[in-house]
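Here's a quick tour of a single chain, from the overall layout down to a few residues. Have a look at the model first, then read on.

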Amino acid sequence: MIVIKDKESSVTSFIKQLEVAFHHFDLQRCDEKTLYVTILLKYRGQKVLCDFIYIMNQQDMYGAISINEHYKHASTFIQQHFRHTLLYSDELQLAKNFMKTVHFKQIVQQYANKYPKAHALDKHIKGRRLS
């Protein structure tokens with residue numbers, strides 16, 4: 001019998017080592033389908049700005065790093081510190097992890113006040129656990 005142990009992937013280990021901290025939220029940047037949050041990626045005293053974009057898709061919300069003026073800096077930051085090419089799956093996981101923070105819940109409240117028809121927010125406002 002052979003037992004195969006699943007080693008921790010580099011993706012998992014880099015995400016666990018990276019701190020994602022709230023930086024800024026501007027409700028004016030958002031619309032009914034998109035929510036933007038500026039965050040800081042931090043590692044060993046160094047940091048870089050980037051924006052998470054959350055897309056409202058019917059009953060759910062999906063987030064990733066917004067491809068804007070900060071994207072290249074964030075991608076380079078990951079490459080330099082972790083020797084890892086930033087993948088879309090990494091972005092999804094980082095954005096999903098940020099959704100569990102108090103800052104995100106406060107942002108969602110502000111967003112929901114302006115866009116009450118955004119049904120994807122229901123489970124985040126009511127405090128239900130994310131999938």
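A contact here means heavy atoms within 4.5 Å. With that in hand, residues 24 or more positions apart account for 51% of the contacts in the chain with a separation of 6 or more.

## Ground rules

This is a predicted model, so to speak of local features pLDDT must be at least 70, side-chain atom pairs count only at pLDDT 80 or more, and totals for chains, interfaces and linings use all residues. Residues are numbered from 1 along each chain as its sequence is written, and side-chain values use heavy atoms, with hydrogens and water left out.

## Overall layout

The chain has five helices and four strands, taking helices (H or I, at least four residues) and strands (E, at least two) as DSSP runs numbered from the N terminus. Their order along the sequence is α-β-β-β-β-α-α-α-α.

Of the 131 residues, 42% count as buried; buried means under 20% relative accessible area, exposed over 50%, and partly exposed in between (1.4 Å probe, protein chains only). The accessible surface comes to about 8500 Å², with 51% of that belonging to carbon and sulfur atoms. Those areas are from the Shrake-Rupley method with a 1.4 Å probe, and for residues only the protein chains shown count as cover.

## The strands

Strands are paired if DSSP finds at least two bridges between them. β2 (34–43) and β3 (residues 46–57) run antiparallel over ten bridges, and L41 has V48 in β3 as its bridge partner. Two residues sit between the strands in this hairpin, where R44 takes a positive phi near 50 degrees.

β3 also pairs with β4 (residues 60–65), again in the antiparallel sense, over six bridges. Here F52 stands opposite I65 in β4.

T38 is found in β2 and is buried, at 7% relative accessible area. Its side chain makes a polar contact of 3.3 Å with that of R29 (a pair of N or O atoms within 3.5 Å; within protein, one must be able to donate a hydrogen and the other to accept it, and residues adjacent in sequence count only if both atoms are side-chain atoms). Leaving out residues up to four places away in sequence, T38 touches F22, H23, H24, R29, L49, C50 and D51.

Q28 is in the loop between β1 (19–24) and β2, and at 62% relative accessibility it counts as exposed. Q28 and Y111 are 83 residues apart in sequence, yet 9.9 Å apart in space, C-alpha to C-alpha.
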